[in-house]
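Visitor: I would like to learn how to read a structure like this one. Please take me through it feature by feature.

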Amino acid sequence: MLPITLVTGLGNPGRDYQDTRHNLGWVLIDAFAREKALAWAYQSRFEAEVAVWKHPGSGRTVYFAKPLTYMNESGRAVAALTRYYRLAAEQVALVYDEYTIDLGRAKLSASGSAGGHNGVASVLQHLGAGFVRYRLGIGPKTAAQMDIKDFVLGKFTAAQQSLLLDSLPHFLKGLDLLLDSGVEVAMNQINRKETTPTNHS
């Protein structure tokens with residue numbers, strides 16, 4: 001497989017969405033940018049904020065993006081970026097929240113459906129399949145009767161925020177592994193890791 005060249009975190013712009021579960025993809029790539037001292041710049045042609053990183057091992061350029069189109073139109077920005085940089089779908093990694101995975105865990109996959117995630121559905125519509133998915137757990141959904149939209153647009157509790165802070169270094173290592181060693185190696189390590197169950201209340 002080709003190396004990952006574009007990492008896109010999915011989220012919604014604006015203060016109202018800043019600390020919601022649905023913006024966890026942005027939380028991770030913001031943390032990665034801070035760790036690597038990368039600067040974000042708004043690029044109107046992509047409707048996104050973009051940061052550029054020279055991979056120290058290979059010397060290749062890796063682009064990071066935060067679409068500002070709102071979640072449901074994320075695919076517009078991702079497709080514009082891939083067209084401009086002439087990337088194949090398999091060179092794209094989406095980083096996003098997943099309510100079917102417990103908070104503190106992550107999974108990496110190279111295929112699959114949108115799974116009810118509107119941002120992923122938009123990318124499938126505008127780009128097509130083949131991109132890599134780095135799914136960060138925000139589950140379990142706290143109440144059976146709660147609407148999925150209300151859950152993902154809700155905010156983490158104090159205890160969940162604490163668990164998230166503890167998990168962030170592991171998520172960052174997973175992203176480093178994906179960029180350093182490729183999808184298969186990263187998938188084997190990330191997907192087999194077990195996390196001790198934690199109280200998410």
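Visitor: Is Glu35 buried, exposed or partly exposed?

Guide: Buried means under 20% relative accessible area, exposed means over 50%, and partly exposed lies in between, with a 1.4 Å probe and protein chains only. Glu35 has 45% relative accessibility, so Glu35 counts as partly exposed. Before going on, note that this is a predicted model, where local features need pLDDT of at least 70 and side-chain atom pairs count only at pLDDT 80 or more, while totals for chains, interfaces and linings use all residues. Residues are numbered from 1 along each chain as its sequence is written, and side-chain values use heavy atoms, with hydrogens and water left out.

Visitor: Where is Glu35 found, and which residues is Glu35 in contact with, leaving aside neighbours within four places in sequence?

Guide: Helices (H or I, at least four residues) and strands (E, at least two) are DSSP runs, numbered from the N terminus. Contact means heavy atoms within 4.5 Å. Glu35 is found in helix α1. Leaving aside neighbours within four places in sequence, Glu35 is in contact with Leu172 and Asp176. Glu35 and Leu172 are 137 residues apart in sequence, yet 9.2 Å apart in space, C-alpha to C-alpha.

Visitor: What span should α1 have?

Guide: The expected span of a helix is 1.5 Å times one less than its number of residues. The 13 residues of α1 should therefore span 18 Å, and the end C-alpha atoms are 19 Å apart, which agrees. After α1 comes Ala37, with a positive phi near 60°.

Visitor: Which residues of α1 are buried, and what do they pack against?

Guide: The buried residues of α1 are Leu24, Gly25, Trp26, Leu28, Ile29, Ala31, Phe32 and Ala33. They pack against β1, β3, β4, β5, β7 and α5 (158-181).

Visitor: In what order do the strands of the sheet lie?

Guide: Two strands pair if DSSP finds at least two bridges between them. Here 7 strands form an open sheet with mixed pairing, in the order β2-β3-β4-β1-β5-β7-β6. β2 (41-43) and β6 (106-109) are the edge strands, each pairing on one side only. From one strand to the next, the twist averages 30°.

Visitor: How many bridges join β1 to β5?

Guide: β1 (residues 6-9) and β5 (residues 92-102) run parallel and are joined by 4 bridges. Thr8 has Leu94 as its bridge partner in β5. β5 and β7 also pair in the parallel sense, over 7 bridges, and Val95 stands opposite Tyr134 in β7. By contrast, β6 and β7 run antiparallel, joined by 4 bridges, and Lys107 stands opposite Arg135 in β7.

Visitor: How many residues of β7 are buried?

Guide: In a regular strand the side chains alternate between the two faces of the sheet. In β7, 8 of the 8 residues are buried, so β7 is largely enclosed by the rest of the structure. Val132, Tyr134, Leu136 and Ile138 cover one side, and Arg133, Arg135, Gly137 and Gly139 the other; all are buried.

Visitor: What does the side chain of Lys66 join in a polar contact?

Guide: A polar contact is a pair of N or O atoms within 3.5 Å; within protein, one must be able to donate a hydrogen and the other to accept it, and residues adjacent in sequence count only if both atoms are side-chain atoms. The side chains of Lys66 and Asp30 are joined by a polar contact of 2.8 Å. Lys66 is found in strand β4 and counts as buried, at 8% relative accessibility.

Visitor: How many aromatic pairs does a search of the whole structure find?

Guide: A pair of aromatic rings is described by the distance of the centres and the angle of the planes. Rings of Phe, Tyr and Trp (its six-membered ring) pair if their centres lie within 6.5 Å; planes under 30 degrees apart count as stacked, over 60 as edge-to-face and the rest as tilted. The search finds 8 aromatic pairs. The rings of Phe46 and Tyr85 have centres 5.8 Å apart and planes at 40°, so this pair is tilted. Phe46 lies in the loop between β2 and β3, and Tyr85 in helix α2 (residues 74-85), 39 residues apart. Tyr63 and Tyr85 form a stacked pair, 3.9 Å centre to centre with 20° between the planes.

Visitor: Which residues form one aromatic cluster?

Guide: Phe46, Tyr63, Tyr84 and Tyr85 form one.

Terms used. Axes fitted to C-alpha atoms, helices over the stretch in contact; angles between N-to-C directions.
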